[in-house]
Amino acid sequence: MDCNTILVTGATGYIASRLIPQLLDRGHRVRALARRPHQIGPRNWSAKTDIFPGDVTNPASLAPALKDVHTAYYLIHNMSSGHGYTQLELQAARNFAQAAEEAGVKHIIYLGGLADEEQHIAPHMRSRIETGATLRAGKVPVTEFRAGVIAGSGSISFEMIRFMTELFPIIPAPTWIQNKSQPIATQNVIDYLLAALENWDGHGKVFEIGGPEITTYQELMLRYAHIRGHKRSFLVLPYVPVWFMAFGIGLMTPVPRPIAHALVGGLSSDSVVMHEHARTVYPEIKLIDFDSAAKEALTHLHPLRIERVWDDGTGRSKTLKHEGFFIAHHETKVEAEPEKIFTAIKNMKWHEFVVDFIEENRCLVLLSKHTSIGQMWLEWRLGNQNHIALTYYLAPRGPLGFLYWYLLYPLHALQLRRLLKRVVRNSVVK
């Protein structure tokens, strides 16, 4: 067995997409397991990774990916499955523990949720803790890290904070907004996951991990607002139905409604580190405060610095919210030479947009415009088989940015299609 062979499950997910590049940089051979492996293709690291299709709810699909693996990262949840997901998570953990044992895996590293299991906690947090216990019930040693709010661009909890704070000058919230939290930077989560590979003092143990400060969810939103230059206040309500909050979060943020429903319940209790063993066992990890993590996330507010989760090779038009952006993506095919297509793109009139980035080898043109309601980009890419992709990005600033997107989106979609047709027409002109 090659000690450098690492399996990362949930490879299309947030933490996996940050972990895999750093594993590769350290010289490990990485296998990526995903239910929808075609979504991994556009990632910058995909060519360096062995990609395996597999589903932890289907035990037979796990054996090929686990063959000759030394360490496996378990970075999976099933919250998007909706009602009954907790039982599904436990069965998935049993399946994986059994398959790992049969394959001779030496170590499982699991990222779970931070909560006091002795208290009354939401089903989502209880399921995270029970998933860890189910994995440990197998014969393969499990190192478990329990984290609360993860601060970083693309993190579900951070995107909830980002979008809700940008949208509402007066933020409606239930009383749990004043519960305690100990946020941890994305990079620190990755630091712990990597340290578990090399520092065997923590082998097979459970660790609670958090950043250097304890605060409240309300304070986190106020601090994000301060960094962005917003003034925000709160309307604290005695009771807000979970389903209603999940509906609003699903509508206004990148977090799907079923996941929002589970997460909102999880925020109804404190999420702080009660046992500081992680700092003792992994003293080499330098903790990052929330403000620094949020500022780092905002430096990723650029189309060339985010995960292109929509670019899955299907060629379909898409609209989504992702890493601080509203995104509209359209593709078409043109029968013309790539040089003519690229020339047609560069020769177009862009009005108030200015050239942000051009790279002919990647057939990429990026244009930008900064306004009081947000930052906007138009991105042209020429892909395989002469597919032209035009992607519009809006990073909204305040409620006017949201109104601009939702009220004018039909006009934007029409304009994007017109621009595509114009490039096609100009490309085939002899």
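## A loop residue with positive phi

Aspartate 68 is found in the loop that connects α2 (63-66) with β4 (71-74), where helices (H or I, at least four residues) and strands (E, at least two) are DSSP runs numbered from the N terminus. The model is a predicted one, in which local features need pLDDT of at least 70 and side-chain atom pairs count only at pLDDT 80 or more, while totals for chains, interfaces and linings use all residues. Residues are numbered from 1 along each chain as its sequence is written, and side-chain values use heavy atoms, with hydrogens and water left out.

The phi angle of aspartate 68 is near 65°, which is a positive value in a residue other than glycine. Aspartate 68 is partly exposed, its relative accessible area being 37%; on this scale buried means under 20% relative accessible area, exposed means over 50%, and partly exposed lies in between (1.4 Å probe, protein chains only).

## The six-stranded sheet

Six strands form an open sheet in the order β14-β15-β19-β18-β17-β16, and their pairing is antiparallel; two strands pair if DSSP finds at least two bridges between them. From one strand to the next the twist averages 15°, with axes taken as lines fitted to C-alpha atoms (for helices over the stretch in contact) and angles running from 0 to 180 degrees between N-to-C directions.

## The hairpin of β14 and β15

Strands β14 and β15 run antiparallel and are joined by five bridges, with lysine 321 standing opposite phenylalanine 326 in β15. Two residues lie between the strands of this hairpin, in which glutamate 323 takes a positive phi near 50°.

Glutamate 323, which belongs to the loop between β14 and β15, is again a residue other than glycine with a positive phi. Glutamate 323 is buried, with a relative accessible area of 2%, whereas aspartate 68 is partly exposed.

## The pairing of β15 with β19

Strand β15 (residues 325-333) is also connected to strand β19 (residues 387-396), through eight bridges and in an antiparallel arrangement. Within this pairing, alanine 328 faces tyrosine 392 of β19, and histidine 329 stands opposite threonine 391 of β19. In a regular strand, the side chains alternate between the two faces of the sheet.
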